[in-house]
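Biologist: I have not looked at this one before. Can you walk me through it?

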Amino acid sequence: MLNSNYIYVKGDVSGIQKFIFNIKSKHAAKELKGRSFFIKILIKVAIQHLLDQFDLDDLQETNSSKISTSGGSFVLKLPAVDGFEKKVLQAQKDFTKALEYTELNISIACVTKSNTYKEDIEKLDAACRTFKYKFYHINHEYFNTFEKTKVTKLSQNWERFTPQIQSNNFFAIQQHSGENKHLTIDNNVIKMAGYAITLNNSFEGFPLNAHLESLFPEKSNNRTKDFSDLSKSDYIDFRNCVANNINGGEKGVDKLGVLAMDVDGLGEEMGKIKSEEQHSELDKKLSLFFNDKIREIINSSDYSYQHRCKNRISPPIPKFENKIYSVTAGGDDCFFVGKWNTILDFAIEINKAFTSAFPGLTISAGLIVVDPKFPVVRFADLVESKLKTAKYHYATKGNICLFGEVISWDMLKEVYDMRTILKKANVSGGMLAKARLNSIKLKDSRVFRLEDFWKMGYYLRDLPQSKKKKVMDRLNKYMIQSVVEEDPLKQMNYRSILPVAARLAELDNR
């Protein structure tokens, strides 16, 4: 038996998606970030509560007690002092009470350090899952009803709290002596479980820029863009080569893209971890990527586009800066909103950066295109469903689900090439729609019929011969590749290139 002078404590928040996204679309941009950032605050306050219970130093990023804080959970290593079970249970009681009117829960469990690190963490995970079923055994009677007025008031306060994240640079965590341990929000101050979290510009506490939720897409007057702004194309004065209004991205239909991304097989990777140091190292690396690297991609001037005006090239226009609304970026997943074509390009850049930073790991994505007034709770459910399709529909990992089609990241280049060919050929919307519907038949057929292939040529009959030949030659190449390809996903991808590219071209041309 190994050293048992320590315990491992895990806190795991549940109900996150419902808490963040179950809001009205009208004020979504003013609420989502506040709700998402609260999950980060909740984790930090729960850790601070436990450190105080065990009389340890204040919470710092270098605190040796902290092993991981990612994905709505945390793992701590604490001394096995007398009565440690009561101290952990007290934290559970305080936060169960604090979250009573939020639809969130946090389960806090502990195990004694006794076996290998891997075995201890497996026991800790099991204890935490078991504890999730015991919330209402602690300080609650069965079937108590929530006070709707308190739930409504909290919802209204999130709308006022979000701008505070934008106007402040730090947040401090301090104990307060008030008897009320329920969650309360008053502009820049959140109170819960005996702690006050104050947003400030006095360099007190933790920097807000350590969290991607602090990055807001802004208009020229420093006001936050709403989803309607983000769905619009940038306005270019082609006579003077001036960008008069930077909205959401390049020309195309005014629609939003909603993007969810998640690391594949992270549980398996965690299963390979044999020490606290390895666990902590992976956690820090993921946290840096899903905040610093993604922030760098959004703000970097390397990502821009140009327009040709009056035989001149216009100045570079930011491709992502002030065009990406980051809802949440956790330890291994993220959720973004932006113009449909901007967000698709953004997803591609994230994948490139992730596979470079984490060789051997992959990341999957779901992307949907919706109206800017589409209900937030519905688009959250829809994109989550598409993400699961991308992750689990095929054995091959590292895919994106776009327009309902699961496509491997490397095959997106072929989609983009075909999209460019269709755009340069000036294929009309009507021809694109017919070609897309016919190509879907080709995709779903087990046996290719020549008549379906020739129908495609017929639908494109009004194109100049050279352009029609270019499209048909490329399609013929893809059909042949789909026959000889052994991988089931890529086999389907070759058949999906034209319908997906045609759909993108349709949206480009509107």
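Predicted model: local features only at pLDDT ≥ 70, side-chain atom pairs only at ≥ 80, totals over all residues.

Biologist: Start with the four-stranded sheet. What is the order of its strands?
Modeller: The order is β2-β3-β1-β4, in an open sheet with antiparallel pairing.

Biologist: Which are the edge strands there?
Modeller: β2 and β4, the latter at residues 105-112, are the edge strands, and each pairs on one side only.

Biologist: How many degrees does the twist average from one strand to the next?
Modeller: The average is 15 degrees.

Biologist: How many bridges join β1 to β3?
Modeller: Seven, and the two strands run antiparallel. G11 has F74 in β3 as its bridge partner.

Biologist: And how many join β2 to β3?
Modeller: Four bridges, with the strands again antiparallel. S70 is bridged to S73 in β3. β2 and β3 form a hairpin with two residues between the strands. In that hairpin, G71 has a positive phi near 60 degrees.

Biologist: Which strands does α2 lie across?
Modeller: Helix α2, residues 28-53, lies across β1, β2, β3 and β4, and runs at about 10 degrees to β3. Helix α8 lies across β1, β2 and β3, at about 35 degrees to β2.

Biologist: Where does the largest share come from?
Modeller: From α4, which gives seven residues to the lining of the second largest pocket.

Biologist: What is the lining like by class?
Modeller: The lining of the second largest pocket has eight nonpolar, eight polar and nine charged residues.

Biologist: Change of topic: the five-stranded sheet. What is its order?
Modeller: It is an open sheet in the order β6-β7-β8-β5-β9, and the pairing is antiparallel. Its edge strands are β6 (184-186) and β9 (206-207), each pairing on one side only.

Biologist: How many bridges are there between β5 and β8?
Modeller: Six, in the antiparallel sense, between β5 at residues 170-175 and β8 at residues 195-200. Within that pair, I173 stands opposite I197 in β8.

Biologist: Last topic, helix packing. At what angle do α9 and α15 pack?
Modeller: Helix α9 (residues 340-357) and helix α15 (residues 488-509) pack at about 135 degrees, and their axes are 11 Å apart.

Biologist: Why call them oblique?
Modeller: Roughly perpendicular ends at 115 degrees and roughly antiparallel is over 145. The angle of α9 and α15 is about 135 degrees, so the two helices are oblique to each other.

Biologist: Which residues meet there?
Modeller: W340, N341 and L344 in α9 meet L504, L507 and D508 in α15. By class, this contact of α9 with α15 has four nonpolar, one polar and one charged residues.

Definitions and conventions. Residues numbered from 1 in each chain as written. Heavy atoms only, no water. Nonpolar A, V, L, I, M, F, W, Y, C, P; charged D, E, K, R; others polar. Axes fitted to C-alpha atoms, helices over the stretch in contact; angles between N-to-C directions. Parallel < 35°, antiparallel > 145°, perpendicular 65-115°, else oblique. Contact = heavy atoms within 4.5 Å. Pairing = 2+ DSSP bridges.
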